Amino acid sequence: MIRKVRIHCIQIFLIILFASFTSCQTGKSKTVSVVWKNNKAVAIAIPLSYLKDSEDPTKHLAVQLIKSEQPTNVLGEFTISNDQVLFEPLVPLTRNLEYDILFHNESVATVAIPPSDAPAPELLSLYPTQDTIPENLLKIYLRFSQPMEEGHSLSFVTVLKNDRDTMKGTFLDLQPELWSNDGTMLTLWLDPGRIKRELIPNLKLGAPLITDQHYTLLISGNWKSKEGILLKSSHRKEFITTLRDDQSPQIKQWTSIVPAVASIDPLTINFKESLDYGLLNDAVLITDERNTSINGTITISNEERTFQFVPETQWKPGNYSITFESRLEDLSGNNLDHPFDRDLKVNAEVGERNGVFKMSFTIR
């Protein structure tokens, strides 16, 4: 009986010893890990077991981006939470890159951010779509399939003149850049100071574009999405320039095709000239005779000369209005009120200046 008790005690002792050993081993096996949020690498968790003999390990930690030329420190904040140190970079870590964790200037771990399984971003469209544009073109729009990296877009955009001369200072380097709310469309402004005649930038540098010249807009395939994925391919857009356009759009010359009652046929407006793509999607409103806004889908086509509006529900009989905000512009920035390049000292009162312009139509 005594012998059995001794054996049983030894078994219990061994079980306890094994459990303690396993627990200890499990603690030591904790590794540096990446914290993800919305499919982005937003932090690195570093176990305190990696950072011995230090009252405040955050003072001796650093995170470096491993590059082929020179390692680069990553800006961010270290905080101690439970049994780990959390490093939160100012911007999410980039996919398909490696980062080194340094403690007292010695590497304790390396973290590789895996590539995304999302498809490569694509440049879906570029506006204006035509290949003949006025010399005083004011804006270019780039629309992508995914949100793109922001802050240094001009490093991926190049303008060539006659396929050989790289144009400098063509676009304004705006910070923050002009991205749509969803991060998929970028507005590039050609320098207005160089477009407006008699201004100092125009007198010193000349206009960004010159009449009767051949230009090529290049979009680099090295541009990455916010997920860190390279653009699917580079893009090349060629165009030639014609004379300046210094006239406001003439709304009285616009024509419309009215849809049939009880249909969802589009309301179609022909502007007789190309208008600004971005503003066409933002400065036009369709209302009924009660001044209630009609919901629907806008399509811009025919080199931004044609506007089509398809309602969510069938057209009802009645009177309707199409309201155009006066800020609606053509490709050269001439809005419905006045030309872009006007002399402020002359004809200062010219223009309706009522904020909106309207067209009416009736469905029977």
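The legends below describe close-up views of a predicted model.

View 1. Apart from its neighbours within four places in sequence, T184 is in contact with L142, R143, F144, Q146, P147 and W179. Two of these residues, F144 and W179, also belong to a cluster of ring pairs that includes F156 and W223.

**View 2. The edge-to-face pair of W254 and F271.** The model holds 16 aromatic pairs, and in this one the ring centres are 4.7 Å apart with the planes at 75°, so the pair is edge-to-face. W254 belongs to the loop between strand 17 (235-242) and strand 18 (255-257), while F271 belongs to the loop between strand 19 (267-270) and helix 4 (277-280), so the pair ties together parts that are 17 residues apart in sequence. W254 is buried at a relative accessible area of 6%, and F271 is buried at 2%.

**View 3. The aromatic pair of W315 and F361.** This pair is edge-to-face, with 5.9 Å from centre to centre and 85° between the planes. Because W315 lies in the loop between strand 22 (306-311) and strand 23, and F361 in strand 24 (residues 356-363), the pair ties together parts that are 46 residues apart in sequence.

**View 4. Strand 20 beside strand 23.** Strand 20 (residues 284-288) has four of its five residues buried, and it pairs with strand 23 (residues 318-325) in the antiparallel sense over five bridges. V284 stands opposite F324 in strand 23.

Terms used
Residues are numbered from 1 along each chain as its sequence is written. This is a predicted model: local features need pLDDT of at least 70, side-chain atom pairs count only at pLDDT 80 or more; totals for chains, interfaces and linings use all residues. Side-chain values use heavy atoms; hydrogens and water are left out. Contact means heavy atoms within 4.5 Å. Buried means under 20% relative accessible area, exposed over 50%, partly exposed in between (1.4 Å probe, protein chains only). Helices (H or I, at least four residues) and strands (E, at least two) are DSSP runs, numbered from the N terminus. Two strands pair if DSSP finds at least two bridges between them. Rings of Phe, Tyr and Trp (its six-membered ring) pair if their centres lie within 6.5 Å; planes under 30 degrees apart count as stacked, over 60 as edge-to-face and the rest as tilted.
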